[in-house]
Amino acid sequence: MEKRFLNQTRLGEFLETLRLFGELHAPTVSDQGVAAFAALSDSSALRLDYQRTLIPPKKYLIPFREELLHYGDGTYRQTRTDAPDIVLFGLHPCDLEGIAYLDLVFLGDRPDPCYAARRAGLTLIGISCEPDDFCFCNDSLRSAACDLFLTAREGGFQLAVLSARGEEIAAAARKLLSRGEALPQPGRTPSPITPQDPQLRFSDHPLWGKFAQRCVSCGACSVCCPTCYCFDVREYPALAGGGSRLREWDNCLFVTHGEVAGANFRATRLDRLRYRFLHKYCGFSPLDGMTSCVGCGRCKKVCPVGIDLRELLDTSPDAAAALP
Amino acid sequence: MKESSSGMHTPFSATLIDRHDLSADTALFRVAPQASALETLSRFVPGQFVQLSVPGAGEIPISPADLPGADGTLELCVRRVGHVTEFLHNLPAGARLGLRGPFGTGFPVRQMAGHPVLLLAGGLGIAPLRSLLFHLLRNSADYGEITLMYGARQPKVMLFREELSALAARGGLRLYLTVDFAPQEPAGAFSCAVGLLPDLLKGFSFDAPESYVAVCGPPALYRCLTEELMGAGVDARRILFSLERRMRCGIGRCCHCAIGQKLCCADGPVFSLDELQQIPEAL
């Protein structure tokens with residue numbers, strides 16, 4: 001039997017082993033008390049009891065702002081992406097599934113060079129979690145969308161090796177591991193929510209109007225969503241000549257998002273709110289039909305006016321028809 | 001780096017050859033791409049777009065007004081209307097530009113073969129349709145009767161009117177021009193109908209069930225024409241709308257050009273009315 005059990009007492013040494021594979025990042029709590037993935041310079045700052053970070057790990061793959069191109073002498077050139085090797089430790093299954101979705105978007109057809117460079121340097125180590133009241137995953141406590149996955153057991157963690165890189169790490173840490181009960185390999189977690197009748201839920205459902213009256217278009221739900229990736233592109237000239245083209249996170253809840261010359265196709269909050277969730281739950285070309293919500297609960301947690309989409313998704317067609 | 005000149009993420013270099021003013025705020029820019037871009041750009045299908053970079057200002061989606069010339073030269077019809085276009089209009093000949101693309105779906109020129117084609121252009125919408133018109137006229141043996149109806153606000157903002165009149169005079173093109181209103185002009189300067197495109201269409205007899213109709217213009221035009229065209233008996237699958245959204249990336253990623261669950265840059269910008277009827281925010 002393979003030795004795949006990590007005793008709780010060897011966790012510190014395991015983290016030191018991980019540092020051999022790149023800069024170690026993990027869940028921590030900032031000075032302001034915000035849970036965040038950050039560089040773990042001191043292993044005692046690790047907070048494995050976290051529920052969810054405010055900003056999801058997408059920040060490692062799509063920085064809030066990054067330079068795509070720079071130009072000078074009349075030519076655009078691709079900016080070299082600074083992509084250090086990073087070991088991201090302690091990701092919950094929902095966040096792993098979020099990264100798996102971003103991989104489909106950015107590495108599928110016409111791979112994005114910046115994303116691809118960052119993704120190649122990233123090692124993902126997942127860990128099992130205990131859902132709280134905000135979570136709406138299907139108790140999907142495990143995920144295979146990583147290199148190594150740690151399932152919490154009595155006195156330690158059972159390791160599942162899920163890639164060649166995961167195998168290398170397990171080999172490097174073999175002296176820290178002992179025999180333990182074997183767990184089946186985690187599979188891909190199914191999407192937590194399948195709106196059975198998108199036409200009903202996403203057309204003129206009266207709950208949209210109720211939500212839209214409260215929504216303040218702050219965009220927090222999109223910023224903290226692990227699978228929201230839409231971006232704007234801006235270009236800035238430099239005073240000394242040349243300049244750069246940047247991309248920045250954008251937000252479909254902002255009024256500017258649906259603007260075209262002389263019109264706005266999503267001028268009202270209701271339009272924008274419904275549009276975001278149509279995309280989230282019914283998919284988008286070329287991932288039409290694919291739900292990208294991973295059930296992390298961040299949008300519900302951060303919404304300043306308490307919009308809980310489960311009200312809509314849980315509403316049965318019959319109950320919806322009976323709504324005033 | 002291998003990505004440096006693919007035209008996918010990084011623009012090809014291009015040079016502004018010259019410009020020809022078409023109205024007070026609209027000009028036709030001739031742009032020469034770098035030699036290595038010619039093969040990629042030669043795949044252009046009328047209705048597709050390129051992303052034109054103006055260094056220091058940004059990038060805009062433009063649907064070329066003609067197919068690329070043998071030397072790769074592109075004709076881009078651009079109105080001075082925003083940040084990037086303002087920069088472009090102020091550039092001298094010889095200025096360096098960038099080009100990515102071509103992107104998106106063009107008009108289904110193969111399926112259109114053998115059918116009469118009606119082109120309906122409103123305002124600046126003549127630009128993308130001009131490349132389709134030229135394709136049809138150069139291959140006129142493959143197509144049925146070709147008709148262009150073009151509406152502009154007033155005579156002085158009607159683009160390409162001498163060129164279009166000359167093409168019609170040569171035969172092979174039925175041309176109908178209309179303006180929303182016509183201020184007093186010197187006698188004999190220019191004559192055309194006064195009225196909106198849908199009105200012009202009302203009195204027009206054509207082989208509706210067999211025809212393909214290609215439309216490009218402001219959003220209001222699509223809404224008005226839908227009823228007229230369906231009423232005339234044109235098949236919704238053969239009514240082709242070229243839509244405009246703010247495409248940032250051009251390759252189906254930034255989501256700025258989303259129309260319902262479709263992306264204008266990748267699934268369009270040419271859509272059949274049949275595809276759009278289920279999407280409330282499309283038109």
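The contact between chains A and B takes 36 residues from chain A and 37 residues from chain B, two residues being in contact if their C-beta atoms, placed from the backbone, lie within 7 Å. On the side of chain B that touches chain A, β4 (58-62), β6 (96-103) and β14 (262-263) of chain B each supply at least two residues. Helices (H or I, at least four residues) and strands (E, at least two) are DSSP runs, numbered from the N terminus. That side of chain B divides into 15 nonpolar, 11 polar and 11 charged residues. Ala, Val, Leu, Ile, Met, Phe, Trp, Tyr, Cys and Pro count as nonpolar, Asp, Glu, Lys and Arg as charged, and the others, Gly among them, as polar.

This is a predicted model, in which local features need pLDDT of at least 70 and side-chain atom pairs count only at pLDDT 80 or more, while totals for chains, interfaces and linings use all residues. Residues are numbered from 1 along each chain as its sequence is written, and chains are lettered from A and ligands numbered from 1 in the order in which they are written.

In chain B, the contact between the domains takes 20 residues from domain 1 and 20 residues from domain 2. On the domain 1 side, the elements giving two or more residues are β3 (49-54), β5 (74-79) and β6 of chain B. The largest share of that side, 3 residues, comes from β6(B). By class, the domain 1 side has 11 nonpolar, 6 polar and 3 charged residues. Strand β6 of chain B also supplies at least two residues to the side of chain B that touches chain A.

In chain A, the contact between the domains takes 28 residues from domain 1 and 24 residues from domain 2. Here β4 (65-72) and α2 (93-107) of chain A each supply at least two residues of the domain 1 side. The residues of that side divide into 17 nonpolar, 3 polar and 8 charged.

Chain A has 11 helices and 16 strands. Of its 324 residues, 39% are buried; a residue is buried if 20 or more other C-beta atoms lie within 10 Å of its own, exposed if 12 or fewer, and partly exposed in between, with C-beta atoms placed from the backbone. Among contacts in chain A between residues at least 6 apart in sequence, those joining residues at least 24 apart make up 67%.

Strand β9 (residues 156-161) of chain A pairs with two strands, β1 (residues 3-7) and β8 (residues 148-153); pairing requires that DSSP find at least two bridges. The β1-β9 pair is antiparallel with 3 bridges, and the β8-β9 pair is antiparallel with 6 bridges. A:Q158 in β9(A) stands opposite A:F5 and is also the bridge partner of A:T151. The hairpin of β8(A) and β9(A) has 2 residues between the strands, and A:G155 takes a positive phi near 80° in this hairpin.

The largest nonpolar core has 155 residues, such a core being a set of buried Ala, Val, Leu, Ile, Met, Phe, Trp, Tyr and Cys residues joined through C-beta atoms within 7 Å. The helix α2(A) gives the most to this core, with 7 residues. B:L119, B:V213 and B:A214 have the most contacts inside the core. Not counting residues up to four places away in sequence, B:A214 touches B:F107, B:V117, B:L119, B:L129, B:L132 and B:L240.
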